[in-house]
Amino acid sequence: MEKTDLEIFLVATPGLEAPLCAEAIEHGFADAKAVPGGVSCRGNWAEVWRANLQLRGANKVLVRLGSFPAVHLAQLDKRARKFPWPEFLRPDVPVKVEATSRKSRIYHAGAARQRIETAIAETLGAPISSDANVRVMLRIEKDLCTFSVDTSGDPLHKRGHKTAVAKAPMRETMAAMFLRECGFDGTQPVLDPMCGSGTFVIEAAEIALGLLPGRTRRFAFEELATFDSAAWQDMRSDAQPDTTDLLFLGSDRNAGAIEAASANAEQAGVGALTKFQHRSISDIKPPEGPAGIVIMNPPYGARIGDEKRLRSLYGSLGKILMSRLHGWQVGIVTSNQSLARATRLPLLPAGPVVDHGGTKIRLYRTEALP
């Protein structure tokens, strides 16, 4: 674990940089600041592991390994062969290399990638493979070549304990950041009346229990030369879950979604504090106890002709929430402002535009309903 002060980049879902930055600061990551596409911070390799293990909003954790200027391929080749690969990579672990180039004299990213692959293979001896778990990224910008490594492997929304997925799922990383934007901190009950495979409800329950998002999965950093298995085991076993008396509720009119959500909750270890019911919106009732947060990702209809039907759905949703959930805050994630307005709820200014697999969505929320 040589280097103590690494440049760490937390990749955010575009539009959710601010809540990810707030989460990183809350978890004590040094010099965390939001930049387009994510959050930059600093720390040693143990902090890199901790970011993968603890942060709910990061999609990936990248580490900058170093940089040098190069204006043609021969120079890139020479400098890449002198780069201290053995500090980071292991000779027995396959590596995948990716390259991009902008505003540089080396403009052919494919040729640059091949030079790096050859340099790593010949100086370190590591095999090059297109499906390797360890990914080295070269970015050439204005003739400066910068190397980074993806320490996560699979994207971090893959928590490693969710099997059943409904259609058009909300990613866990996004769900966690939308909950944060609604002011959720683990001390309020949460209700999702259109829960699908249960992502909002399960994330909320995990946050309330203090369960770490990366607790059951593997990461690419475990295959780097900087990895210390004993220190990592200590870090994982240090996390003791909390207890909570709260109940986290989901309902959906699709029976298959309810089965999937219940199975996912069990697998995530939150089955005891979640409850999923097969019921339509018109049957929503607030649970006993304190008011909390209603959060949902209703359908937003990509097809022409859906809008009229959906307007009446959003309209009746708004009426039911206003009449039955006094004191609850509402968060609605949708791609369509006029649908959000059709609820007639007392909406606050909309949150930033967020890219959800190519669809531009926003969070519309309220204060506690009167």
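How many bridges join strand 5 to strand 6? There are 8 bridges between strand 5 (residues 95–102) and strand 6, and the two strands run parallel. Strands count as paired when DSSP finds at least two bridges between them.

## About the model

This is a predicted model, in which local features need pLDDT of at least 70, side-chain atom pairs count only at pLDDT 80 or more, and totals for chains, interfaces and linings use all residues. Residues are numbered from 1 along each chain as its sequence is written, and side-chain values use heavy atoms, leaving out hydrogens and water.

## Overall form

The protein has 11 helices and 14 strands. Both are DSSP runs numbered from the N terminus: helices are H or I with at least four residues, strands E with at least two. The radius of gyration is 23 Å, close to the 21 Å that the globule rule gives for 370 residues, so the protein is as compact as a globular protein of that length. That radius is taken over C-alpha atoms, and the rule is 2.2 Å times the number of residues to the power 0.38.

Along its principal axes, the C-alpha trace spans about 70 × 45 × 35 Å. Of the 370 residues, 51% count as buried. Buried means under 20% relative accessible area, with a 1.4 Å probe and protein chains only.

Strand 6 covers residues 134–141. Of its 8 residues, 6 are buried.

Strand 7 (residues 144–150) pairs with strand 6 in the antiparallel sense, over 7 bridges. The two form a hairpin with 2 residues between them. Lysine 142, in the turn, has a positive phi of about 50°.

Strand 5, helix 5 (residues 109–123) and strand 6 make a left-handed β-α-β unit. A crossover is right-handed if, with the strands pointing away from the viewer, the path from the first strand over the helix to the second runs clockwise.

## The nonpolar core

The largest nonpolar core has 111 residues. Such a core is a set of buried Ala, Val, Leu, Ile, Met, Phe, Trp, Tyr and Cys residues joined through side-chain atoms within 4.5 Å. Leu10, Trp45, Leu89, Phe178 and Phe248 have the most contacts inside it. Helix 7 (residues 199–209) gives the largest share of this core, 7 residues.

Contact means heavy atoms within 4.5 Å. Not counting residues up to four places away in sequence, phenylalanine 248 touches several residues, including Phe184, Val201, Ala204 and Leu273.

Key. Buried means under 20% relative accessible area, exposed over 50%, partly exposed in between (1.4 Å probe, protein chains only).
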